[in-house]
Amino acid sequence: MGLLYNTYLNSNNIFGCKNCKAHLANHDDIISRNFRGQHGKAYLFNTVVNFEAGEPSERSMTTGRHVVRDITCRQCKTTVGWKYDKAFENNEKYKEGKFILEAELLCKIVRVQPMVVAAEGTPAPQDQDQNQSITIAAGTHIDMALYWENQNM
Ligand SMILES: [Zn+2]
């Protein structure tokens with residue numbers, strides 16, 4: 001699986017595109033979990049990476065008129081949310097320049113610290129839970145990320 005996204009986030013808890021696993025945002029950059037998108041639960045983020053934004057369009061939302069752009073994953077072109085360009089209501093201005101990502105379209109990526117396997121065997125219990133039975137030779141360097149989809153988000 002080749003990951004061709006440009007920006008590689010370095011935090012330990014990352015939200016990625018559910019479809020292609022490209023990194024999209026740091027868990028720590030969530031401003032609010034109190035949003036709804038087309039697919040249900042959605043989060044407001046300070047910043048998002050590896051996206052392309054569409055043309056601005058004016059939309060009436062439950063919180064008033066906004067100018068928004070749909071954002072798509074740069075790698076697989078799936079629409080993952082939208083960006084607020086402008087809010088007309090004063091108490092909605094905090095959303096300007098911020099991003100919505102839809103929880104349903106995200107996967108959670110938990111980075112595992114690089115390690116060296118001391119002896120041949122079956123690695124981390126997390127992998128067994130996911131039914132990925134793999135054997136790793138002694139001395140192998142591992143720098144892997146584990147993916148969960150919509151789990152504990
Ligand atoms: Zn993608």
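Predicted model: local features only at pLDDT ≥ 70, side-chain atom pairs only at ≥ 80, totals over all residues.
Helices, of at least four residues, and strands, of at least two, are runs assigned by DSSP and numbered from the N terminus.

View 1. Of the 153 residues in the chain, 25% are buried. When contacts between residues at least 6 apart in sequence are considered, 49% of them join residues that are at least 24 apart.

**View 2. The hairpin that joins strands β6 and β7.** Strand β6 covers residues 57–61 and strand β7 covers residues 64–73, with 2 residues linking them in the hairpin. The two strands run antiparallel and are joined by 5 bridges, and within this pairing S57 has V68 of β7 as its bridge partner. Strand β6 is hardly covered, since the count of buried residues among its 5 residues is 0.

**View 3. Residue V48 in the loop between β4 and β5.** This loop lies between strand β4, residues 40–45, and strand β5, residues 51–53. V48 counts as buried because it has 23 C-beta neighbours inside 10 Å, where the cut-off for a buried residue is 20 or more.

**View 4. The surroundings of V48, including A25.** Leaving aside neighbours within four places in sequence, V48 is in contact with L24, A25, I71, F99 and L101. V48 and A25 are 23 residues apart along the chain, yet their C-alpha atoms are separated by 4.9 Å.

Methods. Residues numbered from 1 in each chain as written. Buried ≥ 20, exposed ≤ 12 C-beta atoms within 10 Å, placed from the backbone. Contact = placed C-beta atoms within 7 Å. Pairing = 2+ DSSP bridges.
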